[in-house]
Amino acid sequence: MVPEAVCMSENQTGLPVHIGIIMDGNGRWAKKRGLPRKLGHKAGANTFREIARYANKIGIQYMTAYVFSTENWKRPKEEVDSIIELLRAYLNEMDGYAKENIRVRFLGDRTAFDQDIQQKMQRAEEKSASATGLNLSLAINYGGRAELVHAARKLAAAAAAGELSPSDIDEDMMGRYLYTCDLPDVDLIIRPSGEYRLSNFLIWQAAYAEYVFLDQVLWPDFKPATLDQALAEYQRRNRRFGGIG
Ligand code: IPE
Ligand code: IPE
Ligand code: MG
């Protein structure tokens with residue numbers, strides 16, 4: 001029999017251990033107000049600050065936010081540039097997270113960004129590495145498929161070098177080759193804005209996640225109370241992991 005601890009990652013309060021948030025709807029939020037899309041992203045960044053702090057305050061252990069996907073490069077250059085500028089500004093204030101006991105990580109291929117951005121990411125990770133509160137991950141230039149390809153290449157290289165044999169590869173090992181190697185599987189994925197899809201977010205890690213899709217809320221309007229509602233919905237779910245529950 002599989003021990004319960006392997007199947008269940010809820011903590012004793014019934015809260016999810018790891019929440020994923022697809023921060024969608026910034027563009028529509030701006031459009032509704034007759035504003036340029038970049039102001040929607042700015043408002044979305046403010047919401048992210050608030051929700052990260054709130055998650056830390058209520059004792060969430062892991063939160064991963066989808067900031068920029070491998071597919072988002074398809075957007076007009078002006079919009080992509082404005083998102084990267086927001087990221088740069090945000091990284092400058094990230095030193096504060098260590099003081100708030102929030103540990104920061106970045107998931108995705110960061111080599112696509114300028115050196116100063118890569119350095120700031122590394123600095124934020126290092127400065128906050130000993131924090132014991134919320135583990136806050138930002139998925140940036142992240143795609144679930146790209147992550148699996150990256151892992152497959154590393155595994156194949158290790159096999160070619162004689163460091164492992166193909167039969168050594170199992171689900172645990174696969175997990176250790178992903179960007180999320182030191183994070184638990186995601187328990188709850190929240191997506192505002194009325195889109196009912198993953199859009200290439202955490203496709204491996206979400207195998208048994210619960211989903212809360214919010215069709216009345218665009219990300220910049222997402223409030224701590226909205227997170228509370230999603231958590232309450234999660235607590236009503238019956239997770240079975242293939243068993244009979
Ligand atoms: C999410 O908001 C932010 C990013 C994808 C970077 P969108 O920009 O996708 O907002 P909508 O979906 O166009 O409203
Ligand atoms: C997903 O949103 C990516 C982020 C929120 C960063 P998109 O707006 O890019 O997703 P699609 O294109 O509607 O599927
Ligand atoms: Mg969108």
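## Why do we call it that? A talk about one predicted chain

Tutor: Thr226 is buried, at a relative accessible area of 8%. Keep in mind that this is a predicted model.

Student: Why is Thr226 called buried?

Tutor: Buried means under 20% relative accessible area. Thr226 has 8%, so Thr226 counts as buried.

Student: Where is Thr226 placed, and which residues is Thr226 in contact with beyond its neighbours within four places in sequence?

Tutor: Thr226 sits in helix H9. Setting aside those neighbours, Thr226 is in contact with Leu214, Val217 and Asp221.

Student: What makes Tyr234 buried or exposed?

Tutor: Its relative accessible area is 3%. The cut-off for buried is under 20%, so Tyr234 is buried. Tyr234 is found in helix H9, which covers residues 224-235. Tyr211 is 23 residues away from Tyr234 along the chain, and their C-alpha atoms are separated by 8.1 Å.

Student: Which residues are in contact with Thr180, leaving aside neighbours within four places in sequence?

Tutor: They are Leu107, Glu147, Leu202 and Gln205. Contact here means heavy atoms within 4.5 Å.

Student: Now helix H3. Why is Arg37 called partly exposed?

Tutor: Partly exposed lies between the two cut-offs, under 20% for buried and over 50% for exposed. Arg37 is at 38%, so Arg37 falls in between. Arg37 lies in helix H3, residues 37-57.

Student: What is Arg37 in contact with, apart from neighbours within four places in sequence?

Tutor: Arg37 is in contact with Gly27, Ala30, Arg75 and Glu79. From C-alpha to C-alpha, Arg37 and Gly27 are 4.9 Å apart, while in sequence they are 10 residues apart.

Student: Where do Asn200 and Phe241 lie, and is each one buried or partly exposed?

Tutor: Asn200 lies in the loop between E5 and strand E6 (210-214). At 14%, Asn200 is under the 20% cut-off, so Asn200 counts as buried. Phe241 belongs to the segment after H9. Phe241 has 24%, between 20% and 50%, so Phe241 is partly exposed.

Student: What makes a group of residues a nonpolar core?

Tutor: Its members are buried residues of the nonpolar kinds counted, Leu and Met among them, joined through side-chain atoms within 4.5 Å. The largest such core has 43 residues, and those with the most contacts inside it are Met63 and Leu136. Helix H4 (residues 77-92) gives the most to this core, with six residues. There is also a second, separate core of 14 residues, including Val17 and Tyr66.

Student: Which residues does Leu136 touch, not counting those up to four places away in sequence?

Tutor: Among them are Phe48, Ala52, Met63, Tyr90 and Tyr97.

Student: How many helices and strands does the chain have, and why is the chain called as compact as a globular protein of that length?

Tutor: There are nine helices and six strands. The radius of gyration is 18 Å, close to the 18 Å that the globule rule gives for 245 residues, so the chain is as compact as a globular protein of that length.

Student: What share of the chain is buried?

Tutor: Buried residues make up 47% of the 245 residues. As for contacts with a separation of 6 or more, residues 24 or more positions apart account for 77% of them.

Conventions. Residues are numbered from 1 along each chain as its sequence is written. Chains are lettered from A and ligands numbered from 1 in the order in which they are written. This is a predicted model: local features need pLDDT of at least 70, side-chain atom pairs count only at pLDDT 80 or more; totals for chains, interfaces and linings use all residues. Side-chain values use heavy atoms; hydrogens and water are left out. Helices (H or I, at least four residues) and strands (E, at least two) are DSSP runs, numbered from the N terminus. The radius of gyration is taken over C-alpha atoms; the globule rule is 2.2 Å times the number of residues to the power 0.38. Buried means under 20% relative accessible area, exposed over 50%, partly exposed in between (1.4 Å probe, protein chains only).
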